[in-house]
Amino acid sequence: FRFEMTSTKLLICITVLCALTFAAAESNLFRFFHQALDTNRDGFVTPAELVYYLKRMDSDMEIAEDRVRWLISRIDLDDNGLWSWPEYRDAHQVLEQASTASNSVDPKQIHLSITGKPGQRVVMWVTDDNTATSVVQVGTASGRYTHNYSGSTHTYTAGDWKGWIHEVLVDSLTADTTYHYRVGDT
């Protein structure tokens, strides 16, 4: 069972990195952070430098360099495969807009768990507001979801955060098969 949104998880990591320097795009702190990523001090952040930095933050994180290259290509204005300071600064603004534009019912914190029974997994996620349904769609090809599973929703409060936890049991999975899935409301 494979989480389909590997690039999204990577984008979230980059968003978090950018958020650390949220003060302002032109601030010295933001510039300092770009320089910290640029370990060889050539003025550009390479995919290898970004992977190195992310792994220093979390040594257990598995990051494919090709995914990092893909991410950099999305905001690499001159198509050289590197992040310059202006591209990094502008990317921060784009990522900040994307991170604040999420809908209150967009799935967040998606987790996949084993149940102890072969062929079963539990998928959980949270939303800020309740949804009409909690659905997981599963298939063996990306974009082609042939099975729908419905589950339950309940409220949760932790500190200042109050939201909804969605839980769906997915069964009838076959061993040694790659599955793709998406979660949310119908």
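1. pLDDT is the predictor's confidence in each residue, on a scale from 0 to 100. The structure under review is a predicted model, and its pLDDT averages 79 over the protein, with 74% of the residues scoring at least 70.

2. Strand E6 (residues 147-150) has the highest mean pLDDT among them, 96, whereas helix H1 (residues 6-19) has the lowest, 54.

3. Two stretches call for separate mention. Over residues 1-6 the pLDDT is below 50, and the model gives this stretch 22 contacts beyond near neighbours in sequence. Residues 20-26 likewise stay under 50 in pLDDT; for these residues the model has 13 contacts beyond four places in sequence.

4. The largest nonpolar core comprises 14 residues, of which Leu37, Leu50, Val68, Trp83 and Tyr88 touch the most other members. At least two residues of this core come from each of the helices H2 (28-37), H3 (47-57), H4 (65-75) and H5 (85-100). H3 supplies the largest share, four residues.

5. Another core, of eleven residues, lies apart from the largest one; Val123, Tyr149, Val168 and Tyr181 are among its members.

6. Strands E3 (residues 108-114) and E4 (residues 121-127) pair in the antiparallel sense over five bridges. Within this pairing, His111 stands opposite Met124 of E4. The two strands, E3 and E4, form a hairpin with six residues between them. In the turn, Gly116 has a positive phi of about 95°.

Notes. Residues numbered from 1 in each chain as written. Predicted model: local features only at pLDDT ≥ 70, side-chain atom pairs only at ≥ 80, totals over all residues. Heavy atoms only, no water. Pairing = 2+ DSSP bridges. Contact = heavy atoms within 4.5 Å. Core = buried A, V, L, I, M, F, W, Y, C linked by side-chain atoms within 4.5 Å. Buried < 20%, exposed > 50% of the residue type's maximum accessible area, 1.4 Å probe, protein only.
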